[in-house]
Amino acid sequence: MLNIVTSDEMREMDRHTIEDLGVPGVVLMENAGVGTYRIIKNMVKDLSEPLVFVFCGKGNNGGDGFVIARHLWDSGCEVHIFIIAEETDISGDARTNFDIVKKMQIPYSFITEEDQLDDLWEEYPDIVVDALLGTGIKGAVHGFMVDVIRFINGFECPVVAVDVPSGLNADSPDVEGDVIDSDVTVTMALPKRCHVFHPAKSHVGELYIADIGIPKNVRNSDKILVHMVEKEDIFLPLRQADTHKYKCGTVTVLAGSPGFTGAATLSSEAALRIGAGLITLAIPEGLGPVLETKLTEVIKRPYFTGDAAHFNTKSIPDIQDLLDSCDVLAIGPGLGRSPETIEAIMDVLNNFKKPAVIDADALFAMSKHPEIFKTPHPNWILTPHHGEFFRFLKDISKEQLAVEFISLAQNFSRENKINLLLKGAPSIVSDPEGRVYVNPTGNPGLASGGTG
């Protein structure tokens, strides 16, 4: 797992490494600059005497920029540094590296007015480096920095952002104002939330992570609760050579109604494809001929619906044996939202204590009966998209959900002792302990009914 950190968490890692472990801050800055330099150098390897513009702020992000400029200059690149500050504003480790730049006589200019930016169009760089703001900002940029960001975005060459594209809030997916549109971002030690979640992610470009010398045990702190799932974290249980279907898990799928046979088909096929040993799809009796055609390997169990065409309390006796014998229940896709169906869904859920995957219309039913959360269900998984999750939240706007969905998911799982798979781009899973796991896979092709 790869930890995803907030700016405060990253700042504490820096502080611990510098103050408690004794690694000088200037060493971390050097490592950050060198890591970024190597990526830029690879980008321009086929160019003879490439010209690189490095835009630096007054803080540590600008200090990283000075290190990058020094190594590019020393490797034979033509470099010009543009500092969006007064010289007296530069202090600390950033000042140390600026003084080195001065002594090496690398060209630099202080830019404090918009007219000075216009003069830079006399040259056309091959790469622009954004080392302006870093992770420290909150809210939208303002003043002259807006002009600088817009100016950099006007270049047609690749832009490399140091740590975070300037203008983004490291802790938020939201984009509040003008932001650097980077082609490449090199972040330090660990990814931040803006690198992972849209719409902020659309400004990041290709993301690289630079090792700046923070020890592994610090980066992997168990205090960090948000994690990126990596390929090596995914594994399937081994099956013995003499196993059989009854040892590989039995699933009851309660899904489908007239007009929604596709939901029943896709959800039961999903159970089949992940390797369940035996899947039984419970369906309204009138849908049997349709689903016998659609599904071959899944067992179909038609249930009585009475005068209705959909699941209701009269149907439950026909499927009670399936509920009693299954290892897992998948419930909700395409079941319907009539009052009778909602009542039946809640009847099933109130009496079901085993693992369950709850989706779609079953989520709708639960949102109408929040009293079900009075009993913890740590072996249940709710699988809403953002719109479905919104029904469970009180006094929260959709705009707030779009920005704060990580903390809202964490709080929901903790308070209700339940697992939540919040579908989106990317999807996240939160557990009853408040841990969050980010699934980085998927693509826009998943924006189609049934892929959930």
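Here is a short chat about a predicted model.

Colleague: Which strands are the edge strands of the open sheet?

Modeller: The sheet is open and has 11 strands with mixed pairing, in the order β1-β9-β18-β17-β16-β15-β14-β13-β10-β11-β12. An edge strand pairs on one side only, and that picks out two strands, β1 (2-3) and β12 (299-303).

Colleague: And β1, is its pairing with β9 parallel or antiparallel?

Modeller: β9 covers residues 226-228, and two bridges link it to β1. The sense of the β1 and β9 pairing is antiparallel.

Colleague: What angle does helix α9 make with β11?

Modeller: Helix α9 takes in residues 261-273 and packs on the sheet. The strands touched by α9 are β10 (250-254) and β11 (278-284). Taking the direction of α9 against that of β11, you get about 170 degrees.

Colleague: What about α12, at what angle does that helix run to β13?

Modeller: α12 is residues 339-350, and it lies across β13 (328-331), β14 (356-358) and β15 (380-382). Against β13, the helix α12 runs at about 160 degrees.

Colleague: Moving to β7, how many of its residues are buried?

Modeller: Go through strand β7 (residues 184-188) by side: V184, V186 and M188 point one way, while T185 and T187 point the other way, and all are buried. The strand is largely enclosed by the rest of the structure, because the buried count is five of the five.

Colleague: Which residue of β7 is the bridge partner of V162?

Modeller: Strand β6 (residues 159-162) runs parallel to β7, with three bridges joining them. V162 has its bridge partner in β7, and that partner is V186.

Colleague: On to β8, which of its residues does T185 stand opposite?

Modeller: β8 spans residues 206-210 and pairs with β7 in the parallel sense over five bridges. T185 points the other way from V184, V186 and M188. Its opposite residue in β8 is L207.

Colleague: Now N351, is that residue buried or exposed?

Modeller: N351 sits in the loop between α12 and β14. Its relative accessibility is 58%, and the cut-off for exposed is over 50%. So N351 counts as exposed.

Colleague: Which residue's backbone oxygen does the N351 side chain reach?

Modeller: A polar contact needs a pair of N or O atoms within 3.5 Å. The N351 side chain reaches a backbone oxygen at 2.7 Å, and that oxygen belongs to D347.

Colleague: What separates the C-alpha atoms of N351 and V146?

Modeller: Along the chain, N351 and V146 are 205 residues apart.

Note on methods:
Residues are numbered from 1 along each chain as its sequence is written. This is a predicted model: local features need pLDDT of at least 70, side-chain atom pairs count only at pLDDT 80 or more; totals for chains, interfaces and linings use all residues. Side-chain values use heavy atoms; hydrogens and water are left out. Two strands pair if DSSP finds at least two bridges between them. Helices (H or I, at least four residues) and strands (E, at least two) are DSSP runs, numbered from the N terminus. Contact means heavy atoms within 4.5 Å. Axes are lines fitted to C-alpha atoms, for helices over the stretch in contact, and angles run from 0 to 180 degrees between N-to-C directions. Buried means under 20% relative accessible area, exposed over 50%, partly exposed in between (1.4 Å probe, protein chains only). A polar contact is a pair of N or O atoms within 3.5 Å; within protein, one must be able to donate a hydrogen and the other to accept it, and residues adjacent in sequence count only if both atoms are side-chain atoms.
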